[in-house]
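Hi everyone, thanks for having me. Please bring up the model on your screens, and we'll walk through a few parts of it together.

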Amino acid sequence: MSAPLPVSAPRLSFLALENLFDGEPELLVRGADLDDLRFVAIRGEHLDVSGSNTSGCELDDVVADEFNVSTSRIAESRFTQFGVPLFRMARSVLRDVEFVGGRLGAVEAYDVQCRGVHFSGSRINYLNLRGSTMTDVAFTDCHIDELDLGQASVERMRFQSTRIGVLTMHRATFKDVDLRGAELEIVNGAASLKGATISPEQLMGLAPQLAVEFGIRVSESV
């Protein structure tokens with residue numbers, strides 16, 4: 001038997017944010033152009049920065065009922081210690097972006113295009129990445145109650161020390177998706193696992209769900 005092919009890891013760039021200018025909360029508006037700014041301790045109810053262009057920025061300690069960056073372009077930026085029940089990011093383009101720590105409720109990130117995105121130490125209730133195109137994405141030390149990858153196209157994604165309550169992936173397309181570092185409880189759409197790598201222990205846990213999805217009858221011998 002030939003040796004299994006290695007799994008290509010995400011190619012993540014080191015994000016060095018230095019010599020940033022202090023950003024005022026008044027700059028966080030729809031369609032804003034934000035460059036080389038650091039925003040710290042932002043408080044609000046509904047922060048709407050949708051349709052913006054953000055490059056080389058850091059947003060640290062943001063607490064709001066809703067934070068909206070939908071249809072935005074975000075590059076080489078870091079979001080740290082967010083406390084937001086509703087984070088809207090649908091149809092955005094992300095390149096070399098980090099999400100560090102914090103607690104997010106529902107993250108609407110469907111139809112996003114992203115390359116080089118890293119979630120670390122984050123608690124997320126519901127992460128909706130349905131229909132997204134993702135390359136070089138990593139999750140480290142995260143807790144995600146529900147992750148929806150349905151109809152997504154994913155290449156080079158890795159999970160390390162991450163717990164996922166419900167993983168949904170109906171009609172997803174995977175290449176070099178490494179699930180071995182994820183603690184999986186419920187998997188919906190297990191038939192779409194082609195292109196993913198799992199551990200033998202995970203395979204044993206998924207066996208009943210795979211049997212159901214492939215119409216396999218499991219019965220004691222007669």
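Let's start with a definition: the expected span of a helix is 1.5 Å times one less than its number of residues. Helices here are DSSP runs of H or I with at least four residues, strands are runs of E with at least two, and both are numbered from the N terminus.

Before we use that, please note that this is a predicted model, where local features need pLDDT of at least 70, side-chain atom pairs count only at pLDDT 80 or more, and totals for chains, interfaces and linings use all residues. Residues are numbered from 1 along each chain as its sequence is written, and side-chain values use heavy atoms, leaving out hydrogens and water.

Now find helix H1, residues 200-213. Its 14 residues reach 19 Å from first C-alpha to last, close to the 20 Å expected. Which residues of H1 are buried (under 20% relative accessible area, with a 1.4 Å probe and protein chains only)? They include Gln202, Leu206, Leu210 and Ala211. Strand E16 (182-188) is part of what covers the buried residues of H1, where contact means heavy atoms within 4.5 Å. Just after H1, look for Gly215, with a positive phi of about 70 degrees.

Next, go to Thr135 in strand E11, residues 133-140. Thr135 is buried, at 11% relative accessible area. Leaving aside residues up to four places away in sequence, Thr135 touches Cys114, Arg115, Gly116, Glu155 and Arg156.

Last stop: Phe79 and Phe87, which are both buried.

How values were computed
Buried means under 20% relative accessible area, exposed over 50%, partly exposed in between (1.4 Å probe, protein chains only).
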